[in-house]
Amino acid sequence: MTMQSLTVLGATGSIGVNTLDVVARHPEKFRVIALSGQNQIEKLAQQCRQFHPRYAVVLDAAKAQALQALLAGTDTEVLVGMEALEFVASLPEVDSVMAAIVGAAGLRPALAAARTGKRVLLANKETLVMAGQFFMQAVRDHNATLLPIDSEHNAIFQSMPAAYFQRNNNGDLKAHGVRRILLTASGGPFRTRELDTLKDITPEQAIAHPNWVMGKKISVDSATMMNKGLEVIEARWLFNARPEQIEVVIHPQSIVHSMVEYLDGSVLAQLSNPDMRTPIAHSLAYPERIEAGVNWLDLAKIGTLTFEAPDLRRFPCLGLAYQALAAGGAAPAILNAANEEVVAAFLDRRIPYLAIAETLDAVLQRLAGQPVESLEDLMTADAAARATAQQLITASSV
Ligand code: NAD
Ligand code: MG
């Protein structure tokens with residue numbers, strides 16, 4: 001493969017670090033043009049010293065000053081703010097953009113990458129949950145290449161007919177022989193916990209995922225299974241699937257990362273150890289393959305792979321996500337924004353675990369249903385959802 005120039009947004013996070021780990025294994029294949037980070041300035045500086053990017057982006061002036069001091073004497077230029085994130089995502093010399101910021105903050109730079117026709121390596125699922133229709137339209141209009149990093153969607157991408165992703169395909173799953181997408185979920189740390197003890201769950205218990213080491217927000221989302229709910233919405237847009245064509249299956253070992261069922265009864269799956277460097281390396285090198293540094297899968301050692309249906313009483317957030325998807329319009333963006341607020345409140349110990357789903361349900365009942373005509377409408381819905389969630393959080397604070 002020819003040398004690829006890369007921007008990594010959210011370089012200091014879990015996905016960002018794994019991306020740079022794969023990149024470091026192939027210095028002849030990848031050149032880093034820009035890195036971004038929010039709080040871990042020392043770590044960002046260390047990454048800059050290792051990868052020599054042209055630009056490093058942070059969000060405020062104080063962090064910029066601190067980073068500049070750490071990078072004195074290097075060639076890396078420090079830029080500040082959302083516009084700078086959009087700038088480094090759309091630079092003409094950049095081929096690929098790893099979109100690995102967490103939350104709604106990742107939307108604008110991911111859109112900037114799509115609108116400039118980049119290869120977009122999309123980890124930030126919130127982009128598709130909030131603005132799936134607009135984002136997919138931007139990808140089509142500007143001939144961008146969209147490669148999913150989320151392990152399930154990467155597995156689906158690998159298990160789908162290649163023709164499905166060629167330009168001008170009609171996006172009709174059935175016409176390509178596909179009956180359903182089977183989205184696997186680990187079930188998180190509370191899959192078998194006694195239902196009447198869910199009320200006592202602490203942030204420490206919620207972020208201790210049995211199979212994956214991830215950022216805090218997605219770890220809590222995995223515990224509530226909101227993560228799977230967001231992934232159902234993500235799959236809806238990535239693969240033009242109707243909600244009834246997406247089924248969630250619990251698979252506690254996290255070895256089968258998702259499956260595609262065909263009309264003839266065949267089910268194709270992608271398997272690997274739970275290590276994000278596999279989907280990252282797949283997308284970095286696509287359509288070629290490169291080594292990712294992961295352990296080889298030893299199925300005889302694993303022995304047993306099990307599957308079960310999700311229990312919506314245990315995981316009401318999954319039901320809420322299907323509800324928001326069915327409601328359409330601004331509902332998924334409302335759910336996503338309210339979820340960011342309640343997860344932050346839970347991590348701050350301002351609300352108990354069970355209030356996460358209860359608050360989201362209440363926000364959806366109050367706000368869902370507005371039609372959406374523009375990105376502005378989505379931003380308005382996002383702000384209203386955060387304000388309503390904050391009111392409810394304050395009212396129910398522990
Ligand atoms: P993380 O919290 O470890 O890292 C987030 C990154 O975004 C950091 O670099 C941080 O500095 C930056 N950031 C945070 N807030 C920001 C803001 N307001 N503006 C700009 N930058 C900001 O998160 P993560 O686990 O790496 O997840 C990143 C994205 O990838 C999320 O959307 C998540 O859902 C998705 N994802 C992660 C995993 C995983 O294994 N970690 C798997 C699938 C999908
Ligand atoms: Mg996932």
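## A buried histidine and a buried glutamate

In this predicted model, His251 is buried, since its relative accessible area is 1% and the cut-off for burial is under 20%. His251 belongs to the loop that runs between strand E9 (246–250) and strand E10, and its side chain reaches the backbone nitrogen of Ile255 at 3.1 Å.

Strand E10, which spans residues 256–262, holds Glu261. With a relative accessibility of 12%, Glu261 also counts as buried, because the value falls under the 20% limit. The side chain of Glu261 is in polar contact with the side chain of Arg179, at 2.7 Å.

## The magnesium site

Which residues coordinate the magnesium ion (ligand 2)? The donors are Asp150 through OD, Glu152 through OE and Glu231 through OE, at 2.1 to 2.2 Å. Along the sequence, these donor residues follow the spacing D-x1-E-x78-E. Distant parts of the chain are linked in this way, given that Glu152 sits in helix H7 (residues 151–159) and Glu231 in helix H10, 79 residues apart.

Are Glu152 and Glu231 buried or exposed? Both Glu152 and Glu231 are buried, and burial here is understood as a relative accessible area under 20%.

## The second largest pocket

The second largest pocket of the model has a volume of about 730 Å³, and 26 residues line it. Those that lie nearest its centre are Met136, Arg140, Tyr164, Phe165 and Asn169. By residue class, the lining of this pocket is made up of 14 nonpolar, nine polar and three charged residues.

Helix H6 gives the most, with five residues.

Notes: Residues are numbered from 1 along each chain as its sequence is written. Chains are lettered from A and ligands numbered from 1 in the order in which they are written. This is a predicted model: local features need pLDDT of at least 70, side-chain atom pairs count only at pLDDT 80 or more; totals for chains, interfaces and linings use all residues. Side-chain values use heavy atoms; hydrogens and water are left out. On a 1 Å grid over the protein atoms alone, a cavity is a set of points where a 1.4 Å probe fits but cannot get out, and a pocket is an open set with protein on both sides within 12 Å along at least five of seven lines; lining residues have an atom within 4 Å of a point. Grid points are joined across faces, edges and corners, and a volume is the space filled by probe spheres set on the points. Helices (H or I, at least four residues) and strands (E, at least two) are DSSP runs, numbered from the N terminus. Ala, Val, Leu, Ile, Met, Phe, Trp, Tyr, Cys and Pro count as nonpolar, Asp, Glu, Lys and Arg as charged, and the others, Gly among them, as polar. Donors are N, O and S atoms within 2.8 Å of the metal (3.2 Å for Na, K and Ca); water is not among the atoms, so sites may look incomplete. Buried means under 20% relative accessible area, exposed over 50%, partly exposed in between (1.4 Å probe, protein chains only). A polar contact is a pair of N or O atoms within 3.5 Å; within protein, one must be able to donate a hydrogen and the other to accept it, and residues adjacent in sequence count only if both atoms are side-chain atoms.
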